Amino acid sequence: MAELVCRKVSVSFGGPMLLDGIDLAIEEGQRVGLLGRNGCGKSTLLRILGGTLAPDEGELVERRGVRVAGLEQEVPRAMKGTVTTQLESALAGGPALEEWEVESRIHQVIGQLGLQADAAVAAMSAGSKRRVLLARALVMNPDVLLLDEPTNHLDVEAIRGLEEFLQRRSGSLVFVTHDRTFLQSLATRIVDLDRGVLRSYDCDYETYLERRDARLEVELNANAQFDKLLAREEAWVRQGLKARRTRNMGRVRALEGLRKQRDGRREEAGRVRAQVQEAERSGKVVIRAKELRHGYQGQNLFDGFSCEIQRGDRIGILGPNGCGKTTLLQILLKEIEPDAGSVLHGTKFAVARFDQLHSVLDETKTVQENVCDEGDLVTVGGKARHVMGYLGDFLFTPEQVRGPITRLSGGERSRLQLARLLARPCNVLVLDEPTNDLDLETLELLEELLLEFQGTLLLVSHDRAFLDNVVTSTLVFEGDGELNEYVGGYRDWLRVVASRESQEATKPALAKARPATPRTRKPSYKEKTELEGMPSRIESMETEKREIEAKMADPSFYRSEAKTIARSTARLQELVELLEQAYARWEELEAIGT
């Protein structure tokens, strides 16, 4: 049974139709991923489904008694009280609950999102306030939950917890997200909003991509055939006097219909076009950090951390909110001094930075002034370009270019900051949460740009797919001031952690089993032979492991075929496990007879 139904809904804000007579039914228990470009009308559709915006035409039909709650992109300015009082006020507007039910729901959601029950909401950052708004929506346990970019400002653990929570929910879910892993994990249906038209796909995200590409190819071919027919009919009607005297008037009327059909066609929107402007190559060593220690409010963020970042390294930085990721970047860039330790920069160090809070953008200036100050030219690839054309490549209209940035959405601000960053030559790119609010197409473009970039990359992100696709090693904050480096991206780190936890779990069993082996007996001939060959066997595996790690540390490796990358990653993990087993066996053999 449908919970919500849109019938012939249309919405326009003065330009092209955002929603052009759409029909949509949200069925009970469905988890619908709503996709589309920035500015295409996704948030508008969510507001209509939530009942906070009336359509220009058409209607929204709700099942009797249906409860709908949602999370919007924008954070209200006036938010008062503590986290607990905010959640209590959200529950007060719903069905009556027993006191223990209220406490249970609030406790569960606060724990799920890592919030502090007595924290004052007014003093929180915009990101933390969004988490409180998300908690308000979740605690109400509505029949239909509407979420607009719910993973923004959540760390990886919180995102994974939210995934599991939403998978267990029995109600319907409609959500907008740029997080492909989150989307693949949750969506049972994909709804694609493109040029005012909705298309529904009853499948997961990866299957949707295949079906969408096939549909677009069919549409492209059909449009090409239509244009050929129109051109042929236009040529016929413009023939000489003799042809005009004898022409078929029915054919002329058909041509008028073809012209109207062509005028009404909405072409697929342009794609962002961009390139990274690379400065002169830096020295081989880009950043050398020694014995870094830094704390905040009496707590160590990291202690004794050393690293050497070389030209071409692509390093991801991962950890929970508040662990010190942005602080680490600031120390590595010498923007702030560490409590202890030192940081040295190599030669020809030229950095460009993307800030998650868009603080580099000046709210008092226009979009154009934020990119090129007082002028109207941008140098790209050594050539001057007019700022209108340059920002047009990032899908900004002339009106937007001349207007204030206060009118831009979150996704448009991210695109503007990307345009500003790419207008400056660099050999070190520092990106702090660059994926927030970007649509999937721009996100994939950014991935391509970073893979082509020959310089050094430092990336803070909670987007698991983005990390896997871009970085070659990952620095992970693992608590108690511990900061460790792992080869590969998010999934590679996850495999190492899982393997480590599995070995820790088996240690007690091994410890109990070992005393059963008589320690006073003499080793057998087979055991002696095995013991003698153990050093060379281990050395051989260590050598192979170092060779694979060196290969994977080369940025060009990740431009290899997917099969090659997967094979090397799997072999590296296998070697790690085999070496651990070999060292354990070596100790066991040496213990025999002692």
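In what order do the three strands of the open antiparallel sheet stand? The order is 11-10-13, and the pairing is antiparallel. Before going further, a word on the model itself.

This is a predicted model, in which local features need pLDDT of at least 70 and side-chain atom pairs count only at pLDDT 80 or more, while totals for chains, interfaces and linings use all residues. Residues are numbered from 1 along each chain as its sequence is written, and side-chain values use heavy atoms, with hydrogens and water left out.

**The chain as a whole**

The protein chain holds 19 helices and 20 strands. Helices (H or I, at least four residues) and strands (E, at least two) are DSSP runs, numbered from the N terminus. Of its 594 residues, 45% count as buried; buried means under 20% relative accessible area, exposed over 50%, and partly exposed in between, using a 1.4 Å probe and protein chains only. Contact means heavy atoms within 4.5 Å. Among contacts between residues at least 6 apart in sequence, 68% join residues at least 24 apart.

Two strands pair if DSSP finds at least two bridges between them. Strand 11 (299-310) and strand 13 (340-345) stand at the edges with a single partner strand each, so one side of each has no neighbour in the sheet. From one strand to the next, the twist averages 15 degrees. Strand 10 (residues 285-296) and strand 11 are joined by nine bridges in the antiparallel sense, and Arg288 stands opposite Glu308 in strand 11.

A second open sheet has six strands in the order 14-17-18-12-19-20, with mixed pairing. Its edge strands, strand 14 (351-354) and strand 20, each pair on one side only. Here Phe354 has Leu431 of strand 17 as its bridge partner.

Tyr486 lies in strand 20 (residues 483-487). Is this residue buried or exposed? Tyr486 is buried, with a relative accessible area of 10%. Among the residues that Tyr486 touches, not counting those up to four places away in sequence, are Val476, Trp493 and Arg500. The C-alpha atoms of Tyr486 and Val476 are 7.7 Å apart, although 10 residues separate the two along the chain.

**Strand pairs side by side**

Strand 5 has a covered face, Ala69 and Leu71, and an uncovered one, Val68 and Gly70. Leu71 stands opposite Leu147 in strand 6. The table sets out two strand pairs.

| Pair | Sense | Bridges |
|---|---|---|
| Strand 5 and strand 6 (residues 144-148) | parallel | four bridges |
| Strand 14 and strand 17 (residues 428-432) | parallel | four bridges |

**Helices on sheets and on each other**

Helix 10 (residues 325-332) lies across strand 10, strand 11 and strand 13, at about 130 degrees to strand 10. Helix 14 (residues 410-422) lies across strand 14 and strand 17, at about 180 degrees to strand 14. Axes are lines fitted to C-alpha atoms, for helices over the stretch in contact, and angles run from 0 to 180 degrees between N-to-C directions.

Helix 2 (residues 83-92) and helix 3 (residues 99-113) have axes that come within 10 Å and cross at roughly 125 degrees. That makes helix 2 oblique to helix 3; angles under 35 degrees count as roughly parallel, over 145 as roughly antiparallel, 65 to 115 as roughly perpendicular and the rest as oblique. The contact includes Leu87 and Leu91 of helix 2 and Ile106 and Ile110 of helix 3.
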